[in-house]
Amino acid sequence: MKPRFSGVLAWLEERTGLASAAREFLYEPIPASSGWRQVLGSVALFLFLLQVFTGILLALNYAPTPGEAYNSLRYIVTELTGGRLLRGLHHWGASMFIVVVVLHLTQVFLWGAYKKPREATWLVGVVLLQLALAFGLTGYLLPWDNRAYWGTVVTTQIAAKAPLAGPYLLRLLGSDGSIGVVTFARFYTLHVLVLPAVTALLIGFHVYLVRRHGVAPAPEDAGRPPKPFFPEQVFKDTVAIFAAFALLFTLAVAARVPLERIADPTDNTYIPRPEWYFLFLFQLLKFFEGPLEVFGSIVLPGLAMLALALTPFLDRGPAVRLGRRTVALGVVGLSALAWAGLTAAAVATTPRQPAELAVDFSQPTGWLQLAPAELAGIGYFRAENCAACHPVSGKEAGKLGPDLTRTPPRRSAAWMIAHFKNPGELVPGSQMPPIRLNDKELSALAAFLLKLSPANAEALHAAPDFAVQGAMLYQTHQCGACHRVNGVGMQVGPPLNGLSRRRTKSWVERHFREPQAMSPGTSMPAYPFPPREMEAMVAYLFSLEE
Amino acid sequence: MAAALAIPAARYLLVPPRPGRKEEWTEAGEVSQLSPGSPVELVFRRNRRDGWRVISEKNTVWVVRKSQTEVVAFAPQCPHLGCAFHWDETNRHFLCPCHTSAFSLDGAVLSGPSARGLDRYPAKVEQNRLLVGSEVIPGPRAAS
């Protein structure tokens, strides 16, 4: 068997030369001082390949048009097994790719590894950094939520400010006039066709140049014999790649990737924010007013990139130890300080919509279709801690009470309310304590339980606290006696679905406090809710879709 | 690492989407318009879940009335390779024009390459209305 196998290998080697190429690759001599600081390039390459892998998988269930993109992404994260994980890997992988590329560049800069004859390697690296940022910018639009839309409005407006080229850039990006189907098609094409192809080619060229000139030796390598790439450096690269993957996987599992309301070009209350690594530019723009703005948006970033590209031609002295590269250390230190300072200032000065008052569209949102009484029922269900004894997902066996999604036959609301009041009477031997709620609250609880099924249990549990609290207030104050929500309630006052498209939050809050001032002649009484209740009530009403 | 990527990727591509499809009944026509023993092709509209969308589309079903309360609804594609079959009144059997599979009035294979009888939709009668379900029930294997 063995001779035949070696015969196959010999045939493969003769026809392709792969075995000798792999040997040459693995045993390439590298400077004796090489070690952990050289692992970043390999990690960046791994992350790029991972982005390609997760990107392809996402694209298999993603429809790249404004009409479908958002719903197909919601389908991926709420209905497909592993969809949320893959989106998490792609989202956090993008951030991590940029971090690692910047760290790689910083390491090369600090050690002066760009010096002759490695100027071209450096230049290709700087272009690759810009491609990584372009990936971030173009991918930002693709979820087509409010965050994506408004972030891209700002991006394209910045491009429009470019001297002379502005209008042409805007036309190239397909956003001449507004962000729409053409912009989307351009961004998507750039993100999945142009940028990956160009990046892959340049990575290949970059690696070729690294191999051609060899890993840059440090001054302390003078007179020391080189060592082979395998096994020591291969081991270190592998450990670093594994650590990066473990961190990325943890982030993808544990950290929420935002998905906001579908893009609404008419939403005049949305405050756009760029991705975190662009926040410093966002803040920089605040320092340049009027005609000077172009300095903050185009000239300064352009000069910084130019200086970065020209670094090997500006610093042509002989290689020296890191400790003596005071200018390089100073540049890196000041840049890091400026980036951190501007980013912190951007975070501190931009008003944020509290996350706890926003609908998370990356979760199932079946609760949005519930009538206010049913949604309020979720509140009583949670307040009474019914889930402590009753399983509701079909997965938690061994609890005291029956699974409320499966109990056959389904009881009537009247039976449930009677049972809530006196459990032992209708179910002899029941250990359930009586529920101390009034009739209206018990009827809301029964309404919710009647809606519960194995198919919607997950969606109902995802109802955020603000919406549940808002619905409970809505029920308590009998808003349904005049208003209609999700087809339930009277039509004396205006229907409340789609309120966010008609009014601002501040208008609605004031209308609650002083209805006559906002709508003279209205029959609605004043509801001066305390601040937290007001917040929950308005946020609930604004979550109601048309 | 390969397993941490390959397993979620395989599950992502192979596990059916949540929530699972549940049976939906759509009215296809009135039972009184059907005569026992004479198959009729009924055309009706129903909603179908297509990925993230629910689309309303035209559907056809071949129905055979067996009694006042019992109706059989055959899916309109031949179980061999999916061609649309028709009722051959002369020979009193369903015939697929593609590869000449023939099926009896109760859907069993009479001749031809089909490996199983005609697929069915669940069907029930409520107050003269014929309701057709959405889940296809594969036809019985052909006798060898």
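First, the ground rules. This is a predicted model, where local features need pLDDT of at least 70, side-chain atom pairs count only at pLDDT 80 or more, and totals for chains, interfaces and linings use all residues. Residues are numbered from 1 along each chain as its sequence is written, chains are lettered from A and ligands numbered from 1 in the order in which they are written, and side-chain values use heavy atoms, with hydrogens and water left out.

**Exercise 1. Find out which helix of chain A has the lowest mean pLDDT.**

Step 1: pLDDT is the predictor's confidence in each residue, from 0 to 100. Chain A averages 91, and 97% of its residues score at least 70.

Step 2: Now go element by element; helices (H or I, at least four residues) and strands (E, at least two) are DSSP runs, numbered from the N terminus. Helix 18 (residues 457-461) of chain A comes out lowest, with a mean of 75, while helix 3 (residues 40-59) of chain A is highest at 98.

**Exercise 2. Work out which cysteines form the disulfide, and its handedness.**

Step 1: Look for two cysteine sulfur atoms within 2.5 Å, the cut-off for a disulfide.

Step 2: Check the torsion about the S-S bond of Cys83(B) and Cys98(B): it is about -100°, so the disulfide is left-handed.

Step 3: Cys83(B) sits in the loop between strand 4 (71-74) and strand 5 (86-88) of chain B, and Cys98(B), 15 residues apart from it, in the loop between strand 6 (93-95) and strand 7 (102-103) of chain B.

**Exercise 3. Describe how chain A meets chain B.**

Step 1: Count contacts (heavy atoms within 4.5 Å). You get 28 residues of chain A against 17 of chain B.

Step 2: Get the buried area, meaning the accessible area (1.4 Å probe) that two parts lose on being put together, summed over both. It's about 2,000 Å², with 68% from carbon and sulfur atoms. Tyr75(A), Glu79(A) and Thr81(A) supply 32% of the area that chain A buries against chain B.
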